[in-house]
Amino acid sequence: EPERPWVATVALVTVDPSEDEPVDAPAVGDFGRDQLRVGGVAPEGSYAVSELFYTAAAPLVCSAETLVGVSERLPVIDGQSEYVTSGFELDAPGSWGWVETLHGPDGAVLDRGECGEPAETFDVIEVTTKARSTGAAPEVGDEIWDTVILTGGVLPDGSFTEVDLFVTQG
């Protein structure tokens, strides 16, 4: 008896759609795609799609109200097991995630992932800064500092922020 067809995914977040190198801490403006793996024996004419969901705060909720977009149909080709969707720009901080579905040639669902699976769900952060000083218009000798505000998720262990100071003279 042939192995039952299945589909699984891993989220891929890059700085822009032309890159393949994933980022460690997804940020607003990055680009999200879904990498699908199809296994088992799928009938000829089968296809896979991924749905992208977003909620402002974790945990991710997958519903019609939180659906951001649906990938193009990816035809399942005999002998090919990996596929990548075209993807979407990640335009807000919060919890994002993919849910994949494998369809038979008649549209029937052969397999479907679950909302919130760790490999398919990721937090997007937004980083803003606000420079401040002890003087209204900073002068030599004034203290200056930068406040960094991270919104939307939890950074991986070992993450840090770095602020560069540049001086221009007019």
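In this predicted model, the side chain of R73 lies over the face of Y47. The distance from R73 to the ring centre of Y47 is 4.1 Å.

The structure holds 2 aromatic pairs. Y54 and W96 form a tilted pair, with 4.7 Å centre to centre and 50° between the planes. Y54 belongs to strand 3, residues 47–55, and W96 to strand 8, residues 94–103. The pair therefore ties together parts that are 42 residues apart in sequence. Y54 has 21% relative accessibility and so counts as partly exposed. W96, at 1% relative accessibility, counts as buried.

F88 and W98 form an aromatic pair that is likewise tilted. F88 sits in strand 7, residues 88–89, whereas W98 sits in strand 8. The two residues are 10 apart, and their pair links distant parts of the chain. F88 counts as partly exposed because its relative accessibility is 24%. W98 counts as buried, at 0% relative accessibility.

The surface carries a nonpolar patch formed by I144, L165 and V167. Together, these residues have about 330 Å² of accessible area. L165 is placed in the segment after strand 12, which spans 144–151. The relative accessibility of L165 is 63%, so L165 counts as exposed; the cut-off for this class is over 50%.

How values were computed:
Residues numbered from 1 in each chain as written. Predicted model: local features only at pLDDT ≥ 70, side-chain atom pairs only at ≥ 80, totals over all residues. Heavy atoms only, no water. Patch = residues over 30% accessible without salt bridge, like charges linked within 9 Å, V, L, I, M, F, W, Y side chains within 5 Å. Areas by Shrake-Rupley, 256 points an atom, 1.4 Å probe, with all protein chains shown as cover. Salt bridge = Lys/Arg side-chain N within 4 Å of Asp/Glu carboxyl O. Helix = DSSP H or I, 4+ residues; strand = E, 2+ residues; numbered from the N terminus. Buried < 20%, exposed > 50% of the residue type's maximum accessible area, 1.4 Å probe, protein only. Phe/Tyr/Trp six-rings, centres within 6.5 Å; stacked < 30°, edge-to-face > 60°. Lys NZ or Arg CZ within 6 Å of the ring centre and 35° of its normal.
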